[in-house]
Amino acid sequence: MRSKFRLVAELVGPLAAVAIVTVFGSTMSIAQQGNVTNILVTTTIVVALYVFTGNSGVMSFGQISFVAVGAFAAGILTAPTLTRQANMPSLFKFLSTTQISNFDSLLLGAGLGALFAFLVGVVLLRLSGLSAGIATFAVLEITYDVLSYWDKIGPGVMPVVLVPVTTTLVMGALGLGVAIVVAFAYQRTRSCRLLRATREDAVAAQGIGISIFQHRLIAFTISGAIAGFAGALFVHELGSISTGQVYIDLTFATLAMLVVGGTGSLWGAVLGGIALGVLESFLSNAENGVAIGSWHVTLPNGLSVVIVGVIMVVVLIFAPKGISGSHEFLERFFSHRPAKAGTGTEPESTAKMTDEESSEVPLSPRPTS
Amino acid sequence: MSWIGHLVNAVSLGVVYGLVAVSVGLVFGVLRQVNLAQGEVIALGAYSLWMTRDLPVVVRILVCIGVCVAMSLVIQVIIFRPLRGASALTTLIVTFGLSYALEGVWTIVFGTNGQPVSMLSSLNQVVVGGNVGLRWITLVEMGVGGIFFALLVLVLYGSKIGVMMRATAEDFRTARIVGVRIDRVVTLAFVFGGVSAAMVAILFTVQTPLVTPTLGFNLITLGLVGTVLGGIDRLGRATAGGFVVGFVNSMLGAIIPQELLVFLPMLTFMFVIVMLVVRPAGLFTPKGSNVERV
């Protein structure tokens, strides 16, 4: 019974947080609603990052590449064809004439993100640790460079403009909701549990016949799909996109959100995205001048980055599992057991990233001999 | 320019990235942790050259070295001491955050557009003209880089503290058990890291006399890429990796046609990916050694 409740809480908690933010945002001015929508879309990217990094324990600096591909594909194919022919004369023919609906562009973003992630993953996912970090960073650099300068597939150094704006507050919330449900559903699969086993102990997992590469590739592809989908949401939120918006700054922002929230849980990803998102939008408001009480404050440009960076450093040093402790929503409440057994085993004290779950969820049956 | 000229340029950029790799590799060797914030040490060093622009050159160089060493030690105390024993990836992310925060600080304090540093600009004069285009700075770079690396080798292999450093790099716990003063060794690694960062700051600003807030991050990313590419757990290999990345980047820039120059980062990072996939343990790591690969 308890475990059923726990499962429900694991899904409902993040969704409820999104609903609360959305309801709260809908009471604000139009301009502020835009900020809230932006938080929701950014959190969708954090969920994408979590699906791979949280479950596999491998850090990727390249997930924003998939966001970029989704955003540019969705932006170009939904902008008016006349604008495209005027602003991007060298585009491939099918890119300059095909017109798709905004909804289709979301699906296209997800599809392209998945495809790109799959191709990258096949080449890179045999790497681990630092090499994997460097290699995924290289993918980000390559994507940025190609999208910025190859004018047959994009606008070159110019931004894509006049993209129809349809990601409203509600659409942003729905998009994030879909991403959360997908991430949750994936977490329940056998493949994800096997992947988590490889995260906890790669050697032991391989010893019982788990293919690390295969399960990482599945997670990477799903993560790419969510990232591409988030990219399409993003472009329909902004109405325009340039390569600088989907590059290192966004990589840093989403990574900070994930590690501050807690890398090891979906709840942590959502919590971190919302918490840092609110803080960042407050700070960037304050950089343009804001009234606090009776006095008018203008923070220097760049201060928000400093504060977010410092928070990230402090959290990682003092609470490496993030503010969620890398637990799912109410996970500890439901899995709490009476202490009368008195064995002295403290499940929380020694664990590395996520703890109870890996001991409770039965690992895959061994391949029968 | 002839191919000799390109070669000379490539070597000089290679030396700069080799020095960046030294400063990353030294810390990694002792602690098995990555310090991405080393780039911001370089940036601060470069800014210190701007702040001391009215003073004599020798003073400016000494101030720069002092500032870099001090900054390096502050990072060691604030970030690396609490994180001792954490994984390389954790420290990579923490110092990534720190780099970004510091970049914000530079923007606030020194402005977005960068500050001009004119120092030793006479070094940009040509030694051998014509097709070769050899400038004094290139010779100075090779000389300084060579001497520094030789000194480092001398310390590591010829002094007691050097032996301690190598022992720590080999096996942290055992070294501690047999009485190696770990804290002293770690401090020394950061001091050397600071000195090599100062040299990068000086050599780089002579060639490119504009210091912008992103200078450190740009240098360290490519430097770290080179370090991992060469084989991060041996200082010599890491340095060679840094050299290779700088060299290849410069050579590719010279070879490809002008209109394709914008795709230089793509080519460089393609090269990096291919090398990482083919030789995941490092370009200069012998085959058959322990490979981190699944």
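Between chain B and chain A, the count of salt bridges is 0, a salt bridge being a side-chain nitrogen of Lys or Arg within 4 Å of a carboxyl oxygen of Asp or Glu. The model is predicted: local features need pLDDT of at least 70, side-chain atom pairs count only at pLDDT 80 or more, and totals for chains, interfaces and linings use all residues. Residues are numbered from 1 along each chain as its sequence is written, chains are lettered from A in the order in which they are written, and side-chain values use heavy atoms, without hydrogens and water.

**Exercise 1.** Characterise the side of chain B that touches chain A.

*Solution.* 
- Step 1: the elements giving two or more residues to this side are α3 (57-80), α4 (88-110), α9 (215-230) and α11 (264-278) of chain B; helices are DSSP runs (H or I, at least four residues), numbered from the N terminus.
- Step 2: α4(B) gives the most, with 14 residues.
- Step 3: by class, this side of chain B has 35 nonpolar, 4 polar and 2 charged residues.

**Exercise 2.** Is Ser148(A) buried or exposed, and which residues does Ser148(A) touch?

*Solution.* 
- Step 1: Ser148(A) belongs to helix α7 (residues 129-149) of chain A.
- Step 2: its relative accessible area is 4%, so Ser148(A) is buried (under 20% relative accessible area; 1.4 Å probe, protein chains only).
- Step 3: leaving aside residues up to four places away in sequence, Ser148(A) touches Gly156(A), Val157(A) and Thr243(A), contact meaning heavy atoms within 4.5 Å.
- Step 4: the Ser148(A) side chain reaches the backbone oxygen of Tyr144(A) at 2.7 Å.

Note on methods
Nonpolar A, V, L, I, M, F, W, Y, C, P; charged D, E, K, R; others polar. Buried < 20%, exposed > 50% of the residue type's maximum accessible area, 1.4 Å probe, protein only. Polar contact = N/O pair within 3.5 Å; in protein donor to acceptor, adjacent residues only side chain to side chain.
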